[in-house]
Amino acid sequence: MDRSQKAESVAQLNAVFNEVGVVVITRNLGMSVAQSTELRNKIREAGATYKVAKNRLAKLAIADTDYVGIGDFLTGPTAIATSVDPVAAAKAVVDFAKTTDKIEIVGGAMGSQVLNADGVKALASMPSLDELRAKLIGLVQAPATKIAQLSTAPAAKLARVFGAYAAKDAA
């Protein structure tokens with residue numbers, strides 16, 4: 001990489017760090033190409049990104065962001081998983097780490113809050129943003145459907161009573 005490519009890479013990483021909600025740092029311990037491809041696909045499906053970046057460039061990129069605290073994690077063969085959803089990247093990486101011992105979760109950050117490996121695993125156990133939205137919508141809609149059922153129930157009962165009288169008179 002020449003100097004201009006390094007500067008461009010730092011600028012791109014800095015832009016990513018300014019947009020995302022969570023950063024997870026992993027250490028790759030000899031993953032095969034197939035495993036790496038599988039991990040990237042799972043992370044992409046979760047709506048996150050996964051990038052291997054030079055540690056020195058990543059440290060320069062985090063300098064003016066909330067993620068300045070993760071600089072200590074950037075040693076050795078590392079990769080960076082990021083997502084706007086605070087849970088998506090952590091969940092995808094932790095799920096993949098359960099299937100292989102070729103990847104180690106080093107730590108991460110959610111905004112300025114630095115997380116160790118256990119913190120990332122705890123974050124991954126939380127429901128995703130979409131799941132929380134679905135639960136919230138379900139809770140909001142539940143009272144409305146109950147009100148609708150209660151308002152139509154007396155009319156339905158009256159209709160059954162009239163129907164029973166009509167059937168009795170017809171017989």
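The legends below describe close-up views of a predicted model.

In this predicted model, local features are reported where pLDDT is at least 70 and side-chain atom pairs where pLDDT is 80 or more, whereas totals for chains, interfaces and linings use all residues. Residues are numbered from 1 along each chain as its sequence is written, and side-chain values use heavy atoms, with hydrogens and water left out.

**View 1**
Ser83 belongs to strand β3, which covers residues 78-83; helices (H or I, at least four residues) and strands (E, at least two) are DSSP runs, numbered from the N terminus. With a relative accessibility of 2%, Ser83 counts as buried, a term that stands for under 20% relative accessible area, while exposed stands for over 50% and partly exposed for values in between (1.4 Å probe, protein chains only). The side chain of Ser83 reaches the backbone oxygen of Asp85 at 2.5 Å, and a polar atom of that side chain lies 3.2 Å from the backbone nitrogen of Ala89. Both are polar contacts, that is, pairs of N or O atoms within 3.5 Å; within protein, one atom must be able to donate a hydrogen and the other to accept it, and residues adjacent in sequence count only if both atoms are side-chain atoms. When neighbours within four places in sequence are left aside, the residues in contact with Ser83 include Val20, Gly21, Val22, Gly47 and Ala48, where contact means heavy atoms within 4.5 Å.

**View 1. The crossing of helices α2 and α4.**
Helix α2 (residues 33-45) and helix α4 (residues 88-99) have axes that come within 9 Å and cross at roughly 145°; axes are lines fitted to C-alpha atoms, for helices over the stretch in contact, and angles run from 0 to 180 degrees between N-to-C directions. On the α2 side the contact is made by Gln35, Glu38, Leu39, Lys42 and Ile43, and on the α4 side by Ala92, Val93 and Phe96. The residues of this contact divide into five nonpolar, one polar and two charged, where Ala, Val, Leu, Ile, Met, Phe, Trp, Tyr, Cys and Pro count as nonpolar, Asp, Glu, Lys and Arg as charged, and the others, Gly among them, as polar.

**View 2. Val93 within helix α4.**
Val93 is found in helix α4 and is buried, with a relative accessible area of 0%. Not counting residues up to four places away in sequence, Val93 touches Val24, Thr26, Ile43, Ala81 and Ile105.

**View 3. The buried side of helix α5.**
In helix α5 (residues 117-124), the buried residues are Ala117, Gly119, Val120, Leu123 and Ala124. They cover an arc of only 160° around the axis, which puts them on the same side of α5; the arc is that of the directions from the helix axis to the C-beta atoms. The buried residues of α5 pack against β1 (22-28), α4, β4 (103-110) and β5 (113-116). At the start of α5, a side-chain oxygen of Asn116 reaches to within 3.2 Å of the backbone nitrogen of Asp118.

**View 4. Thr49 and Lys51 of strand β2.**
Thr49 is found in strand β2 (residues 49-51) and is partly exposed, with a relative accessible area of 45%. Thr49 and Thr82 are 33 residues apart along the chain, yet their C-alpha atoms are separated by 5.3 Å, and a polar contact of 2.6 Å joins their side chains. Lys51, also found in strand β2, counts as partly exposed at 38% relative accessibility. The C-alpha atoms of Lys51 and Ala79 are separated by 5.6 Å, and Lys51 is in contact with Leu13, Ala79 and Ile80 when neighbours within four places in sequence are left aside.

Asn28 of strand β1 counts as buried at 18% relative accessibility, and a polar contact of 3.0 Å joins its side chain to that of Tyr50. Thr78, found in strand β3, counts as buried at 5% relative accessibility, and its side chain makes a polar contact with the side chain of Asn55 (2.5 Å).
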